[in-house]
Amino acid sequence: MQIDTAAYQRVLGDELRSLRKQRGWTRKELNRRLQSDISLQTLATYELGTRQCSVVRLVEICVALGVPAHHVLARVHDRVFGDAPAGHLAVDLAAVVADHRPQLLPLRRWAQGRLHQLPPGQPPEVHLDLPALEYMAQLCQLSTVDLIRTLRELDGHRPR
């Protein structure tokens, strides 16, 4: 699976900005509640998604906002990989074909067909959006979450 890091950063920034605004705080007010001293510009770039936020800094911001960091990351994850219209999952067709779990049989057959349609030299990867993943999950009699988890596991075993 490929992660669109720019999109992920933008969504994370949007979540942080939304939480701050829900509290009626300016960036300056949030900054005063932070343990470490960061500039307002840095805080702004986190919220805009133009700068990566370290895990420790994210936790610090979340503590100041009174929200567990894992809740924020879960919302970001859902938006990026779940219900966001631009959200998609890269699927390695060869990994799907090589997997022999019985519940993936419909997906395996589909992947074999897609592999045969690819032009020579094209990577064996397709991008599926949420409606396609939901449909594939129904065919495999799995929840969409379970199918996505399985596809990510397959991608994790791919040689890099």
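Student: Which residues of helix H4 are called buried?

Tutor: In this predicted model, where local features need pLDDT of at least 70, side-chain atom pairs count only at pLDDT 80 or more, and totals for chains, interfaces and linings use all residues, the buried residues of H4 are Arg57, Leu58, Glu60, Ile61, Cys62, Ala64 and Leu65. Buried means under 20% relative accessible area, exposed means over 50%, and partly exposed is what lies in between, with a 1.4 Å probe and protein chains only. Residues are numbered from 1 along each chain as its sequence is written, and side-chain values use heavy atoms, with hydrogens and water left out.

Student: What makes Leu147 count as buried, and which residues does Leu147 touch?

Tutor: Leu147, whose place is in helix H9, has a relative accessible area of 0%, and because this is under 20% the residue is buried. Not counting residues up to four places away in sequence, Leu147 touches Leu104, Leu107, Leu133, Met136, Ala137 and Leu142, where contact means heavy atoms within 4.5 Å. Between the C-alpha atoms of Leu147 and Leu104, which are 43 residues apart along the chain, the separation is 8.8 Å.

Student: How do you know that the buried residues of H8 lie on the same side of that helix?

Tutor: In H8, residues 130–140, the buried ones are Leu133, Met136, Ala137 and Cys140. They cover an arc of only 105° around the axis, which is why they are placed on the same side of H8; the arc is that of the directions from the helix axis to the C-beta atoms. Pro131 and Gln138 are exposed and sit on the face turned away from that buried side.

Student: Which class does Leu105 fall in, and where is this leucine found?

Tutor: Leu105 is found in helix H7, and because its 32% relative accessibility lies between the two limits, Leu105 counts as partly exposed. Leu105 and Gln138 are 33 residues apart in sequence, with 12 Å from C-alpha to C-alpha.

Student: What makes a set of residues a nonpolar core, and which residues have the most contacts inside the largest one?

Tutor: A nonpolar core is a set of buried Ala, Val, Leu, Ile, Met, Phe, Trp, Tyr and Cys residues joined through side-chain atoms within 4.5 Å. The largest has 21 residues, and those with the most contacts inside it are Leu16, Leu30, Ile61, Leu65 and Val72. At least two residues of this core come from each of H1, helix H3 (40–48), H4 and helix H5 (69–83). Another core, of 19 residues, lies apart from it and includes Leu107, Cys140, Leu147 and Leu154.

Student: Which residues is Leu65 in contact with?

Tutor: With neighbours within four places in sequence left aside, Leu65 is in contact with Leu16, Leu19, Arg20, Arg23, Trp25 and Leu30.

Student: Why is Thr42 called buried, and what is in contact with Thr42?

Tutor: Thr42 is found in helix H3, and its relative accessible area of 12% is under the 20% limit, so Thr42 counts as buried. Leaving aside neighbours within four places in sequence, Thr42 is in contact with Arg51 and Arg57.

Student: What makes Leu118 buried, and where does Leu118 lie?

Tutor: Leu118 lies in the loop between helix H7 (105–117) and strand E2 (125–129), and its 17% relative accessible area, being under 20%, makes Leu118 buried. Not counting residues up to four places away in sequence, Leu118 touches Leu93, Pro123 and Pro124.

Key: Helices (H or I, at least four residues) and strands (E, at least two) are DSSP runs, numbered from the N terminus.
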